[in-house]
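I opened the notebook to look through this fold piece by piece.

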Amino acid sequence: MSGRVDMLYFFLVTVAGLFSILIFGLVFYFALRYHRSARNPVAKQIHGSLGLEIVWSVIPLSLTMIMFGWGAVLFLRNARTPPGSLEIYVVAKQWMWKIQHTEGAREINELHVPTGAPVRLVMTSEDVIHSFYVPAFRVKQDVMPGRYTSMWFQPTQPGKYHLFCAEYCGNQHSAMGGWVHVMEPAEYEQWLAGGATGESMATAGQALFERLACSSCHKAEGGGRGPSLEGLLGRKVQLDNGQTIVADESYVRESILNPRAKIVAGYQPLMPTFQGQVSEEQILQLLSYIKSLKKAERTTQQ
Ligand code: CUA
């Protein structure tokens with residue numbers, strides 16, 4: 001992606017540069033060529049030139065449409081996460097990046113990723129708006145309190161790359177950064193094994209799911225006071241107001257913190273809020289657990 005972004009950027013710089021040279025060249029040339037002189041005391045006014053007007057409309061229009069089309073193609077490509085991405089969870093707070101790997105490893109202001117597969121970051125903030133920015137990957141995404149944003153990149157070369165916060169978030173904003181370590185897959189596996197607490201995010205989420213007694217209503221086999229959560233992510237959900245939504249990460253988060261916002265058709269608004277009882281990191285663990293239920297269901301179907 002960085003090569004493609006650079007191509008577009010160089011195109012923009014080249015167009016801007018050529019037009020600057022052209023315009024300033026003509027300004028100087030005309031100033032000399034048509035300056036007031038004894039031979040030419042008064043300027044002759046010319047009114048209208050259809051040919052010239054068409055030329056100076058069509059050329060800029062086509063150039064800007066190329067910029068628009070090219071930029072839109074890259075933007076859409078960057079907006080869609082390829083399937084099979086490695087998911088990593090990020091929680092921002094003043095002034096640090098807290099990162100959780102699904103296998104259980106956690107780190108602060110450091111992000112270890114393997115080469116060879118797209119990496120998707122699911123991000124939220126505990127306080128104000130931050131922005132996750134890795135210039136070497138040409139990616140930047142705002143990280144907001146109260147919702148999830150995501151971005152993806154595919155690391156290609158092992159190495160150490162700067163990580164920045166790119167949204168002014170308080171007096172230590174400039175210090176809110178770190179490093180992305182890109183490793184060969186085998187090296188990454190080794191790193192994961194060394195850093196893991198032995199408990200994956202899904203396992204931690206499952207323990208939480210039981211401790212908070214979510215399982216007493218959300219029974220896996222259905223028939224509970226709340227809907228079964230198996231295979232929930234990415235599924236269409238019919239709500240009691242007739243609306244149908246696709247269950248995504250933000251929907252799960254909202255349903256934990258503000259359960260009455262969306263009620264699944266056929267169920268009563270009985271669930272209490274868990275606002276203040278679970279941290280953003282714990283919500284991500286619950287989410288990871290609910291996602292793992294999807295995998296369990298898939299394998300039994302195959
Ligand atoms: Cu966080 Cu700037």
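**Entry 1: a lysine to start with**

Does K262 count as buried, partly exposed or exposed, and at what relative accessibility? I looked it up in what is a predicted model: K262 counts as partly exposed, at 27% relative accessibility. Next I checked the partner of K262. The side chain of K262 meets that of E254 in a salt bridge, 2.7 Å from N to O. E254 is partly exposed too, because its relative accessible area is 25%, which lies between the 20% and 50% cut-offs.

**Entry 2: the whole chain**

I stepped back to see the overall build. The protein chain comes to six helices and 12 strands. Along the principal axes, its C-alpha atoms fill a box of roughly 100 × 50 × 45 Å. How does the radius of gyration of the protein chain stand against that of a compact globule of 302 residues? I found 27 Å for the chain, whereas such a globule would be near 19 Å. I also noted that 35% of the 302 residues count as buried.

**Entry 3: the open sheet**

I traced a sheet of five strands and wrote down its order as β3-β2-β1-β5-β8. The sheet is open and its pairing is mixed. Which strands sit at the edges? They are β3 (106-108) and β8 (149-153), each of which pairs on one side only. From one strand to the next, the twist averages 25°.

I then followed β1 to both of its neighbours. A reminder to myself: strands of a sheet pair through backbone hydrogen bonds, either parallel or antiparallel. With β5 (residues 119-125), strand β1 (residues 86-93) runs parallel, and seven bridges join the two. I picked out two of the partners: L86 goes with V119, and V90 goes with M123. With β2, strand β1 pairs in the antiparallel sense over six bridges. There I found I88 standing opposite H101.

**Entry 4: strands around β9**

I moved on to β9 (residues 159-165). Strand β6 (residues 130-134) runs antiparallel to β9, and two bridges join them. F132 has C165 in β9 as its bridge partner. Strand β10 (residues 177-183) also pairs with β9 in the antiparallel sense, over six bridges. For K160, the bridge partner in β10 is H181.

**Entry 5: salt bridges**

How many salt bridges does the count give? I got 10. I looked at K291 and E87, whose side chains meet at 2.6 Å, N to O. This pair links distant parts of the chain, since K291 is in helix α6 (residues 280-301) and E87 is in strand β1, 204 residues apart. Is K291 buried or exposed? K291 counts as buried because its relative accessibility is 12%, below the 20% cut-off. I also saw that the pair belongs to a network of salt bridges that links E87, R120, E249 and K291.

Then I turned to K98 and E126, whose side chains form a salt bridge of 2.7 Å, N to O. K98 lies in strand β2 (residues 96-101) and E126 in the loop between β5 and β6, so this pair ties together parts that are 28 residues apart in sequence. I compared how covered the two ends are. K98 counts as buried, at 14% relative accessibility, whereas E126 counts as partly exposed, at 36%.

**Entry 6: a nonpolar patch**

Last, I looked for nonpolar surface. I found a patch of about 1200 Å², made by F19, L22, I23, F24, L26, V27, F28, Y29, F30, Y34, V55 and I59. The elements that give two or more residues to this patch are α1 (2-33) and α2 (50-79). Which element gives the largest share? Helix α1 does, with nine residues.

F30 has its place in helix α1 and is partly exposed, with a relative accessible area of 41%.

Definitions and conventions:
Residues numbered from 1 in each chain as written. Predicted model: local features only at pLDDT ≥ 70, side-chain atom pairs only at ≥ 80, totals over all residues. Heavy atoms only, no water. Patch = residues over 30% accessible without salt bridge, like charges linked within 9 Å, V, L, I, M, F, W, Y side chains within 5 Å. Areas by Shrake-Rupley, 256 points an atom, 1.4 Å probe, with all protein chains shown as cover. Salt bridge = Lys/Arg side-chain N within 4 Å of Asp/Glu carboxyl O. Helix = DSSP H or I, 4+ residues; strand = E, 2+ residues; numbered from the N terminus. Buried < 20%, exposed > 50% of the residue type's maximum accessible area, 1.4 Å probe, protein only. Pairing = 2+ DSSP bridges. Axes fitted to C-alpha atoms, helices over the stretch in contact; angles between N-to-C directions. Rg over C-alpha atoms; globule rule 2.2 N^0.38 Å.
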